[in-house]
Amino acid sequence: MASMDTSDPFDVVALTQALIARPSVTPRDEGAMDVVQRALEDLGFRCTRLRFGEIENLYARRGNISPNLCFAGHTDVVPTGVRNLWRYDPFGAEIHDGAVIGRGAVDMKGGIAAWIAAVAKTGDVAGSLSFLITGDEEGDATDGTCRVVDWLREQGEIIDHCVVGEPSSSARLGDMIKVGRRGSINAAFTVTGKQGHVAYPQRALNPLPVLVDLLEALKGRVLDDGFEQFPPSNLEITTIDTGNTATNIIPQSATARVNIRFNPAHTGARLQAWMEGLAADFAARSGARIECTARISGEAFLTEAGPFVDLVAEVIQARLGLQTDRSTTGGTSDARFIRALCPVVEFGLVGQTMHQINECAPVADLRALTNAYSALIEAYFSKFGSTS
Ligand SMILES: [Zn+2]
């Protein structure tokens with residue numbers, strides 16, 4: 001295990017290691033939030049712990065004046081997967097070949113550590129700094145950021161801009177930031193007919209042709225041709241099940257599930273209403289019963305081009321020497337909830353090993369990200385900071 005800088009209590013590598021050593025697989029916390037809180041208290045932040053259900057959340061702020069620049073992230077991690085496939089202990093936080101190895105190294109304990117280290121090395125700012133840290137991003141996300149956002153609203157707490165420390169970079173640190181995300185909706189269709197003998201179809205009602213026609217209608221609609229920086233919305237059929245093992249039975253019922261990834265041309269509610277309407281049409285036409293249940297897991301959003309996004313891109317250009325790609329790709333993230341409060345940009349480590357066996361964060365990247373974050377904080381307050 002390589003040595004680290006023990007003279008600096010806010011060293012990014014030491015903080016990353018301290019966080020990885022807490023096996024905080026959603027919904028467990030295992031003391032990970034305490035590591036964050038202790039560091040922030042030492043840096044003069046007022047910390048409020050928010051426990052919703054079994055989830056630990058934290059809001060911390062330093063300063064009383066606006067603007068308030070918030071950093072958002074999550075301390076929870078996905079499971080390790082097959083543990084003996086890891087070359088090193090996934091919670092050992094060992095350094096090998098110049099990288100910190102462990103679950104959460106890039107997604108996103110390293111990002112949290114980098115922003116804390118950046119705050120520690122940045123002087124006073126003309127405004128406020130805050131942290132919104134949750135323990136429920138990788139799970140259902142029901143007791144995490146969305147509840148903290150509600151709480152912030154109730155408190156009248158204003159956040160002016162937010163950086164989410166998700167591993168947004170693609171191949172090199174800073175080559176990509178996320179300025180929006182597609183929305184996602186899951187729906188299940190269960191068609192119930194009447195079971196019978198295949199030789200006597202007139203005595204049965206086969207749900208499968210009804211389901212096939214319904215799926216064809218769902219797939220047949222061109223949702224859109226894309227939207228600003230987004231690709232076209234897409235519906236995928238993810239499974240079709242009847243569980244019928246017999247060759248001489250018309251089954252009683254069949255279920256299919258679909259997922260739609262959609263751009264801001266749609267809302268989850270409108271897509272849900274469309275699917276429910278289609279199910280009702282096919283039920284009326286076929287005589288079968290069709291149940292449609294849909295769950296919206298996130299709405300699409302786009303942080304419009306403007307001074308905040310430009311600032312992040314300028315800092316990346318100046319500090320990391322590359323022109324960043326302003327992307328809307330990838331799955332959903334907690335930025336979808338924070339978007340309701342203020343402009344939000346995701347900027348963090350290279351995501352290549354996220355959720356994988358042997359997840360790791362190069363030490364050089366952790367240090368470079370800390371420097372870039374520090375430069376971003378300084379540039380932010382010189383551009384937007386209070387002059388009073
Ligand atoms: Zn993440």
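The chain contains 9 helices and 19 strands. The model is predicted. Taken along the principal axes, the box filled by the C-alpha atoms of the chain is roughly 80 × 50 × 40 Å. Of the 388 residues in the chain, 53% are buried. Among contacts with a separation of 6 or more, 80% are made by residues 24 or more positions apart.

Strand 10 pairs with strand 14 (residues 253-262) in the antiparallel sense, over 10 bridges. Two positions illustrate this pairing: Ile185 stands opposite Ile260 in strand 14, and Asn186 has Asn259 of strand 14 as its bridge partner. Strand 10 is also joined to strand 15 (residues 289-298) by 9 bridges, and these two strands run antiparallel. Here the bridge partner of Ala187 is Ala294 in strand 15. In a regular strand, side chains alternate between the two faces of the sheet.

A further open sheet consists of 3 strands in the order 4-5-19, with antiparallel pairing. Strand 4 (95-96) and strand 19 (360-362) stand at the edges of this sheet; each has a single partner strand, so one side of each is left without a neighbour in the sheet. The pairing of strand 4 with strand 5 (residues 99-101) is antiparallel and comprises 2 bridges. In this pairing, His96 stands opposite Ala99 in strand 5. Helix 9 (residues 363-384) lies across strand 4, strand 5 and strand 19, and runs at about 65° to strand 19.

Helix 9 also meets helix 7 (residues 307-320). The axes of helix 7 and helix 9 come within 9 Å and cross at roughly 135°. This angle makes helix 7 oblique to helix 9. The crossing of the two helices is right-handed. On the side of helix 7, the contact involves Pro307, Phe308, Leu311, Val312, Glu314, Val315, Arg319 and Leu320. On the side of helix 9, the residues are Ala368, Ala372, Ala375, Leu376, Ala379, Tyr380, Lys383 and Phe384. The residues of this contact divide into 13 nonpolar and 3 charged, with no polar residues.

Two individual residues were also examined. Thr353 is found in the loop between strand 18 (344-346) and strand 19. The relative accessible area of Thr353 is 17%, so this residue counts as buried, the cut-off being under 20%. Not counting residues up to four places away in sequence, Thr353 touches Val106, Asn358, Glu359 and Cys360. Of these partners, Cys360 lies in strand 19, which spans 360-362.

Leu58 is found in strand 2 (residues 55-62). With a relative accessibility of 0%, Leu58 counts as buried. When neighbours within four places in sequence are left aside, Leu58 is in contact with Met33, Val36, Gln37, Leu40, Cys47, Thr48, Arg49, Phe131, Leu132 and Ile133. Leu58 and Thr239 are 181 residues apart in sequence, and their C-alpha atoms are 38 Å apart in space.

Methods: Residues numbered from 1 in each chain as written. Predicted model: local features only at pLDDT ≥ 70, side-chain atom pairs only at ≥ 80, totals over all residues. Heavy atoms only, no water. Pairing = 2+ DSSP bridges. Helix = DSSP H or I, 4+ residues; strand = E, 2+ residues; numbered from the N terminus. Contact = heavy atoms within 4.5 Å. Axes fitted to C-alpha atoms, helices over the stretch in contact; angles between N-to-C directions. Parallel < 35°, antiparallel > 145°, perpendicular 65-115°, else oblique. Left-handed = near helix turned anticlockwise from the far one by under 90°. Nonpolar A, V, L, I, M, F, W, Y, C, P; charged D, E, K, R; others polar. Buried < 20%, exposed > 50% of the residue type's maximum accessible area, 1.4 Å probe, protein only.
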